[in-house]
Amino acid sequence: MPPIRIPRKSNTIDPPVHPFDTAHGVDTSGLIPAGDLLTGHPNDDHVTAYYGVAPSILRTLVDDWQATKPPHPINKYTFIDFGAGKGRAMLVASELPFRQIIGIELNPTLADIAQTNLDHWVASHASDPTAPRLAPIRLLEQDALTFDFPKTPCIAFLFHPFEAPVLKLLLRRIETQFANRPGTLDLLYVNAECANVLDRHPAFTRLFFGPVAMSTEDHAADLAAIAAQKEYGSTGDEECAIYRYTGRSTQP
Ligand SMILES: C[S@@+](CC[C@H](N)C(=O)[O-])C[C@H]1O[C@@H](n2cnc3c(N)ncnc32)[C@H](O)[C@@H]1O
């Protein structure tokens with residue numbers, strides 16, 4: 001499948017292609033600033049940018065999460081990517097033994113690209129007898145704050161998709177929907193810029209915070225992708241955090 005690219009101004013040059021895309025025939029590359037992702041939705045004001053997660057970071061973070069001894073086996077969990085972009089995190093997560101993968105993306109152009117990537121990913125895995133088993137995978141084009149969580153244990157995955165105002169409202173929604181089932185939602189946060197919001201929140205318990213290193217391949221791709229973006233840098237790792245929704249204490 002030829003890579004599909006988000007329409008850009010004619011005087012821009014193609015972004016470097018991540019080796020994940022080359023290996024799998026998908027288009028998840030590029031760094032798209034928030035100003036190029038406007039949809040007319042009020043939450044546009046809080047969008048950070050589009051950038052696909054480094055596959056090695058996501059895999060390591062899931063290993064780190066497993067080391068926290070979650071209350072349910074991984075195959076019971078729905079992995080939900082809030083701000084799925086072109087779907088890279090969904091694709092990577094779908095090869096892990098989750099029950100299902102759901103992605104939520106506000107921007108319709110990115111959601112279309114993600115759906116094309118998912119269709120190609122599922123078809124190419126189905127036609128390759130050596131490919132790993134895939135978890136069922138579904139992309140929803142909507143605002144993160146309108147998502148209704150499934151009744152399964154859930155992992156909320158965030159690669160710093162939005163700023164604190166939207167994160168706070170998402171946490172409020174989680175509290176409403178998980179009020180009677182503490183311990184069934186964990187939150188994995190890459191580039192945890194708003195970790196202080198979660199640290200101050202009485203219903204979430206921090207299980208991990210620290211840098212997670214990316215592979216040499218991902219670091220090289222990171223350096224190439226941000227070379228033309230002066231406000232970004234790459235240190236070869238991302239500050240990550242893991243939280244568990246434990247509910248508010250009933251003690252006075
Ligand atoms: C940094 S990218 C992460 C991409 C993907 N999660 C990954 O790791 O490969 C953040 C994405 O969040 C999306 N986003 C931001 N605010 C959103 C909202 N309120 N609802 C849904 N998606 C949102 C942006 O459009 C962007 O595509």
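Which residue in β9 does A213 stand opposite?

Mentor: A213 stands opposite D237. First, the ground rules. Residues are numbered from 1 along each chain as its sequence is written. The model is predicted: local features need pLDDT of at least 70, side-chain atom pairs count only at pLDDT 80 or more, and totals for chains, interfaces and linings use all residues.

Now the strands. Helices (H or I, at least four residues) and strands (E, at least two) are DSSP runs, numbered from the N terminus. Two strands pair if DSSP finds at least two bridges between them. β8 and β9 (residues 237-245) pair over nine bridges, in the antiparallel sense.

Step back to the sheet. It is open and has seven strands, ordered β5-β4-β3-β6-β7-β9-β8, with mixed pairing. β5 (137-141) and β8 (204-213) stand at the edges with a single partner strand each, so one side of each has no neighbour in the sheet. On average, neighbouring strands are turned by 20 degrees against each other, direction ignored.

A helix joins in. α2 (residues 55-67) packs on the sheet and touches β7 (185-190), β8 and β9. Contact means C-beta atoms, placed from the backbone, within 7 Å. The direction of α2 makes about 145 degrees with that of β7. Axes here are lines fitted to C-alpha atoms, for helices over the stretch in contact; angles run from 0 to 180 degrees between N-to-C directions.

One loop is worth a stop. P161 lies between β6 (154-159) and α5 (164-178). Leaving aside neighbours within four places in sequence, P161 is in contact with T48, F82 and G83.

Technical notes:
Two residues are in contact if their C-beta atoms, placed from the backbone, lie within 7 Å.
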